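The following exercises are to be worked with the sequence and the coordinates at hand. Each task is followed by a solution in steps.

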Amino acid sequence: METNFIDYVKIVCRSGKGGRGSAHMHRAKYNPNGGPDGGDGGRGGNIYLRGNRNYWTLLHLRYDRHIFAGHGGNGSKNGSHGSDGEDRYIDVPCGTVVYNADTGRYICDVTTDGQLVMLLKGGRGGLGNRHFATATNQAPRYAQPGEPMQELTVIMELKMLADVGLVGFPNAGKSTLVNAISSAHPKIAGYPFTTLEPSVGVVSYRDNRSFVMADIPGIIEGASEGKGLGLRFLRHIERNSVLLFMIPADTDDIRHDYEVLLHELATYNPEMLAKRRLLAVTKTDIIDDELMQMIAPTLPDDLPTIFISAVTGFNITELKDMLWQALDADSDDTLVHRDKPITTLHDELEAEGEDLDIIYLDDDEIEEAEDLEDLEDLGLPRPT
Ligand SMILES: Nc1nc2c(ncn2[C@@H]2O[C@H](COP(=O)(O)OP(=O)(O)OP(=O)(O)O)[C@@H](O)[C@H]2O)c(=O)[nH]1
Ligand SMILES: [Mg+2]
């Protein structure tokens, strides 16, 4: 599927290595044995993640999959300190969750504009020989190498930070509601899977207040195992604090359909069940009052329910009131991000169209990393 809505990317990050300390000996015309004057190496660049509300997808990262910070400069004579390596900032939309691509472990998430998270620290610079002069060895001819760089391959996933997420089968009327009450205008049509990518819209509420609603593609039975558009989009309602279930009024067994939807969410992530839920019976303009009276007692009773019609506007204000109340009551959103199971990680990468191989350090870089071990053999301190 060709799309600009990218919510999953794998990228390789590398911090900079520390610069080497210098082992220079000071020499001057009348002072041929001036002693050690080697400066310290500079630190390697760090890699940071930065929340940026101007980004709505991870598309920009698809074109920049290798993010390398600068290396620290080497120390030199006259105690001259090497330059620090350039830091790199990765701008991500708010709601980005980061995992280790090799192990599936959750690393961090970025939820607010301007939030900075250090993903990788640059190597410390090595100390120059000046630091190693002692009473018995006044002219040490060694200096420390810098610390090596670090490399990490990460998966970034965008999980939208909307207040209300819509949950329903295809054709339930989700996009119609979003069109009717929010600033977003997703496409509406009388066939399943009209909506192929999620979108968010702002719903204005009384007294200049507002909340954000996410329209996502319809869910079908088996979605949590990848059926339909399935798993790809369930992650976008993981972060919503309130879930609005939507089931059309002409459905044979509304309670059964509700349970199927609930089951899919629970299979995907059991914590979804901890969210506040509401049920809207949609398209009530196609049934008469009498039928509505008959349906009412059959609805599930573990959540607030309401009959609506986005076409006639029936109960839409009441629905907004209910949503606002639920949002108000829910102030502590505590989603625990789960690690990705290593057993399914490769399948997931493949399904998302991301390549599977991982880039390793090249040979001479590994050699440098080993240099550092030698320091300990020599009984020298590691860089501090
Ligand atoms: N009569 C009536 N029809 C509605 C109402 N809401 C939606 N529809 C119709 O139902 C069909 C599906 O509506 P959508 O809003 O596209 O449904 P959706 O849930 O977004 O569907 P997917 O994007 O495929 O998941 C369209 O033909 C709408 O015109 C309603 O309140 N009353
Ligand atoms: Mg839709």
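**Exercise 1.** Determine in which order the 5 strands of the open sheet are arranged, and which of them stand at the edges.

*Solution.* In this predicted model, local features need pLDDT of at least 70 and side-chain atom pairs count only at pLDDT 80 or more, whereas totals for chains, interfaces and linings use all residues. Residues are numbered from 1 along each chain as its sequence is written, and chains are lettered from A and ligands numbered from 1 in the order in which they are written.
Step 1: the order is β3-β1-β8-β5-β6, with mixed pairing; strands are DSSP runs (E, at least two residues), helices likewise (H or I, at least four), both numbered from the N terminus, and two strands pair if DSSP finds at least two bridges between them.
Step 2: β3 (66–68) and β6 (106–110) each have a single partner strand, so one side of each is left without a neighbour in the sheet.
Step 3: from one strand to the next the twist averages 25°, with axes fitted as lines to C-alpha atoms and angles running from 0 to 180 degrees between N-to-C directions.
Step 4: within the sheet, β1 (residues 8–14) and β8 (residues 151–158) run antiparallel and are joined by 7 bridges; Tyr8 stands opposite Glu157 in β8.

**Exercise 2.** Describe the nonpolar cores, and state which strand gives the most to the largest one.

*Solution.* Step 1: a nonpolar core is a set of buried Ala, Val, Leu, Ile, Met, Phe, Trp, Tyr and Cys residues joined through C-beta atoms within 7 Å. A residue is buried if 20 or more other C-beta atoms lie within 10 Å of its own, exposed if 12 or fewer, and partly exposed in between, with C-beta atoms placed from the backbone.
Step 1: the largest core has 43 residues, and those touching the most other members are Val167, Met213, Ala214, Leu244, Phe245, Met246 and Ile247. Strand β12 (residues 242–248) gives the most, with 6 residues.
Step 2: leaving out residues up to four places away in sequence, Met246 touches several residues, including Leu166, Val167, Ala280 and Thr282; contact requires C-beta atoms within 7 Å.
Step 3: a second, separate core has 19 residues, among them Ala69, Val98, Ala101 and Leu119.

**Exercise 3.** Characterise the surroundings of ligand 1.

*Solution.* Step 1: the shell holds 24 residues, of which Gly173, Ser175, Gly190, Thr195 and Gly218 are the closest; a residue counts if its C-beta atom lies within 6 Å of the ligand.
Step 1: helix α2 (residues 174–181) supplies the largest share, 3 residues.
Step 2: by class there are 10 nonpolar, 11 polar and 3 charged residues, where Ala, Val, Leu, Ile, Met, Phe, Trp, Tyr, Cys and Pro count as nonpolar, Asp, Glu, Lys and Arg as charged, and the others, Gly among them, as polar.

Key. Contact = placed C-beta atoms within 7 Å.
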